[in-house]
Amino acid sequence: MRFVYRRTGPSLLVAEGRLNTKGQAVVSRSKTGRGKVTAPIFLLVPQVKLPKRLDLAGDAARAHESVPGLIVANWVEGRY
């Protein structure tokens, strides 16, 4: 497989091979290169959107809200 960069569209991963009688690309066994074609296998998109996995703002808000309760729960009357 070979990477082909295209400026105007999505880049390609292509395979070198030959066309059989049905017009399908197959691996070429010829050493001379006769009948070889380049067949595109994958179109590579420049960017994908992934779902958000971490919610740091929500975790930080919950931790911030719990701090006063933790202070009161661990308060020792005898110490100044």
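Me: Which residues does Ile41 touch, not counting residues up to four places away in sequence?

Reply: This is a predicted model, in which local features need pLDDT of at least 70, side-chain atom pairs count only at pLDDT 80 or more, and totals for chains, interfaces and linings use all residues. Residues are numbered from 1 along each chain as its sequence is written, and side-chain values use heavy atoms, with hydrogens and water left out. A contact means heavy atoms within 4.5 Å. By that criterion, and leaving out residues up to four places away in sequence, Ile41 touches Met1, Leu13, Val14 and Ala15.

Me: What nonpolar surface patch does Ile41 belong to, and what is its accessible area?

Reply: Patches are made of residues with over 30% relative accessible area and no salt bridge; like charges are joined within 9 Å, and nonpolar side chains (Val, Leu, Ile, Met, Phe, Trp, Tyr) within 5 Å. Accessible areas come from the Shrake-Rupley method with a 1.4 Å probe, and for residues only the protein chains shown count as cover. The patch consists of Met1, Ile41 and Phe42, whose accessible area together is about 340 Å².

Me: Where does Phe42 lie, and what is its relative accessibility?

Reply: Helices (H or I, at least four residues) and strands (E, at least two) are DSSP runs, numbered from the N terminus. Buried means under 20% relative accessible area, exposed over 50%, and partly exposed in between (1.4 Å probe, protein chains only). Phe42 therefore counts as partly exposed, at 44%.

Me: Is Ser11 buried or exposed?

Reply: Ser11 lies in strand β2, which covers residues 11-19. Beyond residues up to four places away in sequence, Ser11 touches Phe3, Val4, Tyr5, Arg6, Phe42, Leu43 and Leu44. Because its relative accessible area is 11%, Ser11 is buried.

Me: How many Å apart in space are Phe3 and Val14, C-alpha to C-alpha?

Reply: Phe3 is found in strand β1, residues 2-4. Not counting residues up to four places away in sequence, Phe3 touches Ser11, Leu12, Leu13 and Leu44. Phe3 and Val14 are 11 residues apart in sequence, and their C-alpha to C-alpha distance is 6.5 Å.

Me: What pattern does the protein chain follow along the sequence?

Reply: The protein chain has one helix and four strands. Of its 80 residues, 9% count as buried. Read along the sequence, the pattern is β-β-β-β-α.

Me: At which residue of α1 does a kink lie?

Reply: Helix α1 has 18 residues (56-73) and reaches 25 Å from its first C-alpha to its last, close to the 26 Å expected at 1.5 Å a residue. That expected span is 1.5 Å times one less than the number of residues. The bend at a residue is the angle between axes fitted to the seven residues ending there and the seven starting there. A kink of about 35° lies shortly before the proline Pro68, at Val67.

Notes: Salt bridge = Lys/Arg side-chain N within 4 Å of Asp/Glu carboxyl O.
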